[in-house]
Amino acid sequence: MANSLGSNLFHNFTNKKTNKSLPRLYFFTFTIFLCTFFYLLGLWQNSPATTTAAISGKNLFSPTSTTTIRPNCPQTNSTSIPISSSTTALDFSIHHQNPEPSETTARVIHAPVCDAKLSEYTPCEDVKRSLKFPRENLVYRERHCPEKNEILQCRIPAPFGYRVPPRWPESREWAWYANVPHKELTIEKKNQNWVRFEGDRFMFPGGGTMFPRGAGAYIDDIGKLINLKDGSIRTAIDTGCGVASWGAYLLPRDIIAVSFAPRDTHEAQVQFALERGVPALIGVIASIRLPYPSRSFDMAHCSRCLIPWGKNDGIYLTEVDRVLRPGGYWILSGPPINWEVHWKGWERTRESLNDEQVSIERVAKSLCWKKLVQKGDIAIWQKPTNHIHCKITRKVFKNRPFCNAEDPDSAWYTKMNTCLTPLPDVTNVKDVSGGGLTNWPARLTAIPPRISSGSLKGITAEMFKENTELWKKRVAYYKTLDYQLAEPGRFRNLLDMNAYLGGFAAAMIDDPVWVMNVAPVEAEINTLGIVFERGLIGTYQNWCEAMSTYPRTYDFIHAASVFSLYENRCKIEDILLEMDRILRPQGSVIIRDDVDMLLKVKRFLDAMQWDGRIVDHENGPLEREKILIAVKKYWTAPAPDKNQHRKL
């Protein structure tokens, strides 16, 4: 039989005609063997004794060993699950991860809390630092930022009792006392109806020194002298703004004003304005230009702002001329206007007031302005639409000389001078220098003259249109990510740290918000003039320095490519601490940048105790640019010591 089997096998291997059934038999036999082997192996690994040992970290090869089987993985805070001998349980917790720093550790190492006394700290307008500078021409009230070794590496606390402000337009009428705990103006301006203190809040009746019937009635009086309704006037600037009631009551008329005042003995004027939901910045006309490009504003205003317009060869009014658009208006009320009626109440002599008015008239004439009207307490001048006549008559009327070889849009620590900023050349006396602006609201999407004229190199009309549509898409996507931004009325004061053409602000125009559009001075192209030509507002800023605003004055901050722009200029944490300073508790931030940069930013945001997450670009996960969404947590300084007397 053996010989027979051997002969058969020999025959199969040597026979030229192979047996087809035998290889199949070998294949099926081998498959059954493998299946049986792995089934038994799996059954052994999932037995109750083996599973319990694996979860508890016991070494299976030594019953008495307690060696952990995760030698290189950090310990986690996951809760252990008891395992019964009759039940198989699996551990689904993540073991291979970098543990987040605890809140206490993060605060101490990266972003500790500043002293409660610094709750209103404004680094570049610090009162103690300002006293080191000359008082002549108000130089000491200008921006004077701390040196690098003086920059605070801590988070500014909100005052104890801080509350989220009421929503607009209710916020225009009142604010929480705990948010701006200063009563000075309620005493000093008691008879002028600027602000009143009632219970736990401040009330803003809309009054002012020169508009006792209220800001609304005062604006109506202006509207009888120039047209405020046809959309030709959209942007305005208010110098020495008080609590910005003029700007507050212009907003319902679709006119947006940038209000500014210095940080002086009248505590918290700009802080009150921003608390009310009105655009404002800390600022002063002194020796450097206002932080706006030329031809920015349709209207400039001064109501008893106490600026010596006629002195220093008219340098202050000359700066107003630079930022005023061709055909724009300058409105003055208060001394010396209508001095014949008010001179006794102003406690000044007739002669001094008359001399002041004469000097203002002389400066305005040297700027080629035309006095349109003076009625009651209001006087209005108009800037020419071009400088053709001004150049012809300059020798006859001794007009001031034109500036030579100066960038009229340069306005970051740029010294003011007394020469006249020339308007762009025109060929016809009826032309508007630089190009006429479309009336609002069509102005928002019309091609800005700086683009259509080709004066801004590198930006075309097609690029402008594409950018406008792009930001509509992006803002719609943002609102799916941030429910606070999507909720109408939740936010009021918005800040765009790198506005470019103002597309983000334009896309938010139908929401009850306003946006401060910032043009970083380090940007390759200066586009802030375009922002103003769209009927939006903004300012210049170097983000290696602090912004000229009080803490907690913005509800939402948008930062597109800001950190990449400043990567080799200053520290990420310094910019983030400044964002933390100016953002309200429970405010939101949206940062878009390269994913590697966002990972660095996220680590510092975590250290500041913000809640944040990184999500995909609106075009999907394949884009390197990502979006970081974060919310600043609500926290305040601790309750003051009962024995500590707070300044009222």
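Visitor: What does helix 20 lie across?
Guide: In this predicted model, where local features need pLDDT of at least 70, side-chain atom pairs count only at pLDDT 80 or more, and totals for chains, interfaces and linings use all residues, helix 20 (residues 572-582) lies across strand 11, strand 14 and strand 15, running at about 145 degrees to strand 15. Residues are numbered from 1 along each chain as its sequence is written, and side-chain values use heavy atoms, leaving out hydrogens and water. Helices (H or I, at least four residues) and strands (E, at least two) are DSSP runs numbered from the N terminus, while angles, from 0 to 180 degrees, lie between N-to-C directions of axes fitted to C-alpha atoms, for helices over the stretch in contact (heavy atoms within 4.5 Å).

Visitor: And what order do the strands of the sheet have?
Guide: The open sheet of seven strands has the order 13-12-11-14-15-17-16, with mixed pairing, where a pair needs at least two DSSP bridges.

Visitor: Which strands stand at the edges?
Guide: Strand 13 (537-541) and strand 16 (611-615) do, and because each has a single partner strand, one side of each is left without a neighbour in the sheet.

Visitor: Changing topic, which residues have the most contacts inside the largest nonpolar core?
Guide: They are Met299, Trp309, Trp330, Leu495 and Phe563, in a core of 128 residues, a core being buried (under 20% relative accessible area, 1.4 Å probe, protein chains only) Ala, Val, Leu, Ile, Met, Phe, Trp, Tyr and Cys residues joined through side-chain atoms within 4.5 Å. Helix 20 gives the most to this core, with six residues.

Visitor: Where does Leu495 stand in the sheet?
Guide: Leu495 stands opposite Met516 in strand 12, and strand 11 (residues 493-496) pairs with strand 12 (residues 514-520) in the parallel sense over four bridges.

Conventions
Buried < 20%, exposed > 50% of the residue type's maximum accessible area, 1.4 Å probe, protein only.
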